[in-house]
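Biologist: I am new to this chain. Please take me through it, and start with the terms.

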Amino acid sequence: IEIKNEIKEIQRKITEFNKIEKKSINDIENYNKQTEALHNLIVKLRNEEKFKKEICAILKIENKHFFKKEDLFFKFLLDYIEPKLGFDYPTIIYEYPSEMARLSELSEDRLYGKRFELYLFGIEIANGYQELTDYKMQKNNFLQTLRNRKNQAKVRLNMPKRFLKSLKYALPPCSGVALGLERLFMIFENLENLNQTSLFHF
């Protein structure tokens, strides 16, 4: 019953999202509060099968056995959240669920990864995180990823041994941010296609 009530709340908020007019700061602040609440509701659904079932219902797609929780999460993010971010001012999404931030250091309660993304006009401009430097945790993450790829019949990848070796011998705490310059130029120059920012055309 509790989960059903939470899902009804998610669906209600999605309906509200579609009605929001981004013409004032008050509208944007209200939207950001709704986004945060929606994110918290989704994170509560820690059970993968329940998560898949409920998110597929929201997305109005059939729940296939080969769907992964991560794939559905990002589809939900791409379809319902990202297109509405960063219109009146830059917007940052942070504290991703730990399953969606496997390369980053985790919060103390291990529910979130120390990762963030910056958005302008519905476009992701930058992505950054605090590097996970725990050798055992990182190795387990890669093993899980390789198992998932095998189960999904994806191209086989090798274990990144050199990277893991650097962690084993004490890689110091580090972090970084990747800025999408082409996306930034596209926005500043009011271009319609990312290819228009390239100096080389193939």
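Modeller: Two strands pair if DSSP finds at least two bridges between them. Helices (H or I, at least four residues) and strands (E, at least two) are DSSP runs, numbered from the N terminus. This is a predicted model, in which local features need pLDDT of at least 70 and side-chain atom pairs count only at pLDDT 80 or more, while totals for chains, interfaces and linings use all residues. Residues are numbered from 1 along each chain as its sequence is written, and side-chain values use heavy atoms, with hydrogens and water left out.

Biologist: In what order do the elements of the chain run?

Modeller: The chain has 7 helices and 4 strands. Read from the N terminus on, they run α-α-α-α-β-β-β-α-α-β-α.

Biologist: How many bridges join β2 to β3?

Modeller: β2 covers residues 112-120, β3 covers residues 123-130, and the two run antiparallel. Arg-115 stands opposite Tyr-129 in β3. Phe-116 has Gly-128 as its bridge partner in β3. The number of bridges joining β2 to β3 is 6.

Biologist: Which residue in the turn of the β2 and β3 hairpin has a positive phi?

Modeller: The hairpin has 2 residues between its strands. The phi in question is about 50 degrees, and it belongs to Phe-121.

Biologist: What is the bridge partner of Tyr-96 in β2?

Modeller: β1 and β2 pair over 6 bridges, in the antiparallel sense. In β2, the residue bridged to Tyr-96 is Gly-113.

Biologist: How far does α3 reach from its first C-alpha to its last?

Modeller: α3 spans residues 48-59, which is 12 residues. The expected span of a helix is 1.5 Å times one less than its number of residues. For α3 that gives 16 Å, and the model is close to it, at 16 Å.

Biologist: Is Cys-56 buried or exposed?

Modeller: Buried means under 20% relative accessible area, exposed over 50%, and partly exposed in between (1.4 Å probe, protein chains only). The buried residues of α3 include Phe-51, Ile-55, Cys-56 and Leu-59. Because its relative accessibility is 1%, Cys-56 counts as buried.

Biologist: How many disulfides does the structure hold?

Modeller: A disulfide is a covalent bond between the sulfur atoms of two cysteines. The cut-off used is a pair of cysteine sulfur atoms within 2.5 Å. Cys-174 is partly exposed, at 27% relative accessibility. The count of disulfides in the structure is 0.

Biologist: Why does Lys-60 count as exposed?

Modeller: Lys-60 is found in the loop between α3 and α4. Its phi is positive, about 60 degrees, although Lys-60 is not a glycine. Lys-60 counts as exposed because its relative accessibility is 76%.

Biologist: Where does Glu-95 lie?

Modeller: Glu-95 is not a glycine, yet it has a positive phi of about 55 degrees. Glu-95 is partly exposed, at 39% relative accessibility. Its place is in strand β1.

Biologist: Which residues is Ser-107 in contact with, leaving aside neighbours within four places in sequence?

Modeller: Ser-107 sits in the loop between β1 and β2. With a relative accessible area of 19%, Ser-107 is buried. Its contacts, with those neighbours left aside, are Tyr-112 and Lys-114.

Biologist: What share of the accessible surface belongs to carbon and sulfur atoms?

Modeller: Of the 202 residues in the chain, 34% are buried. Accessible areas come from the Shrake-Rupley method with a 1.4 Å probe; for residues, only the protein chains shown count as cover. The chain's accessible surface comes to about 13600 Å², and the carbon and sulfur share is 54%.

Key. Contact = heavy atoms within 4.5 Å.
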